[in-house]
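Dear colleague,

I am passing on the structure we spoke about, and below it you will find notes on what came out of looking through it. Please read them with the structure open beside you.

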Amino acid sequence: MMEFQKRMADRGWSQLPLRLLLGFGLAAHGLAKLERGPEQFAVVLAALGVPAPHWAAWATALFELLGGLSILAGLFVTAWSLPLAVVMLTAMFAVHLPYGFSSVKLRAVDAAGAQFGPPGYELNLLYLVGLLSLVLGGSGRGSLECWLRRWRDQRRAADAVAVGAP
């Protein structure tokens, strides 16, 4: 098993599951905000005291959707990570911090099913650590960044051969 893990890490495939999960999760949250209407999210942000809530609602929804899709594809991962980290930190400190760490708070089980309390900041931390991991480790194999890098390298090599460079 260790040899398989080493081969996958050496080939850059270890980032793929993380990138796919983070990208999908972020894009899903952004899409949900847009489908419900950013105006609804702006009401929540205004109640939390976020300045310019209408602008912040649109920015958050678009950052999550576009940044999530970009991370899913493995393109501009580092560039998108900073604004997405700001979104996660804002959500963590403005919303989730008072509810503690755990994202699951089972309050009761009744005839209607399980009743949960507000989630803590656990998922925000997981997203932040995932983004940091992608920044430090790169987007990995199976990403558009990797494909573009290989394509550029092949073009440079072909250009060097064409002009007679060693």
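**Notes on the structure**

Phe76 sits in the loop between H4 and helix H5 (77-96), where helices (H or I, at least four residues) and strands (E, at least two) are DSSP runs, numbered from the N terminus. Phi of Phe76 is near 60°, which is a positive value in a residue other than glycine. Phe76 is exposed, with a relative accessible area of 52%; here buried means under 20% relative accessible area, exposed over 50%, and partly exposed in between, with a 1.4 Å probe and protein chains only.

Before going further, please keep in mind that this is a predicted model, in which local features need pLDDT of at least 70 and side-chain atom pairs count only at pLDDT 80 or more, while totals for chains, interfaces and linings use all residues. Residues are numbered from 1 along each chain as its sequence is written, and side-chain values use heavy atoms, with hydrogens and water left out.

**The whole chain**

The protein has seven helices and two strands, and reading along the sequence gives the pattern α-α-α-α-α-β-β-α-α. Its radius of gyration is 20 Å, whereas a compact globule of 166 residues would have a value near 15 Å; the radius is taken over C-alpha atoms, and the globule rule is 2.2 Å times the number of residues to the power 0.38. Along the principal axes, the C-alpha atoms fill a box of roughly 75 × 45 × 25 Å.

Buried residues account for 30% of the 166 residues. The accessible surface comes to about 10,500 Å², and 69% of it belongs to carbon and sulfur atoms; these areas come from the Shrake-Rupley method with a 1.4 Å probe, and for residues only the protein chains shown count as cover. Among contacts (heavy atoms within 4.5 Å) between residues at least 6 apart in sequence, 61% join residues at least 24 apart.

As for charge, there are 14 positive and 10 negative side chains, and the centres of the two sets lie 6 Å apart. In that count Lys and Arg are positive and Asp and Glu negative, while His and the chain ends are not counted, and the place of a charge is taken as NZ of Lys, CZ of Arg, CG of Asp or CD of Glu.

**Another positive phi**

Ala52, which is not a glycine, has a positive phi of about 50°. Ala52 belongs to the loop between helix H3 (38-47) and helix H4 (53-73), and it is partly exposed, with a relative accessible area of 47%.

**The two strands**

Strand S1 (residues 106-110) has five residues, of which the number buried is zero, so the strand lies largely in the open. Four bridges join S1 to strand S2 (residues 113-116), and the two run antiparallel; strands are said to pair if DSSP finds at least two bridges between them. A hairpin leads from S1 to S2 through two residues. Within this pairing, Ala108 has Gln115 of S2 as its bridge partner, and Asp110 stands opposite Gly113 in S2.

Val109 is also placed in strand S1, and at 63% relative accessibility it counts as exposed. Val109 and Phe41 are 68 residues apart in sequence, and their C-alpha atoms are 29 Å apart in space.

**On either side of the strands**

Phe101 lies in the loop between H5 and S1 and counts as partly exposed, at 46% relative accessibility. Leaving aside neighbours within four places in sequence, Phe101 is in contact with Gly120, Tyr121, Glu122 and Leu125.

Gly117 is found in the loop between S2 and H6, and at 13% relative accessibility it counts as buried. With neighbours within four places in sequence again left aside, Gly117 is in contact with Lys105 and Arg107. The C-alpha atoms of Gly117 and Trp55, which are 62 residues apart in sequence, are 29 Å apart.

**Helix H6**

Asn124 is part of helix H6 (residues 122-137) and is buried, with a relative accessible area of 6%. Not counting residues up to four places away in sequence, Asn124 touches Met88, Ala91, Met92 and His96.

With best wishes
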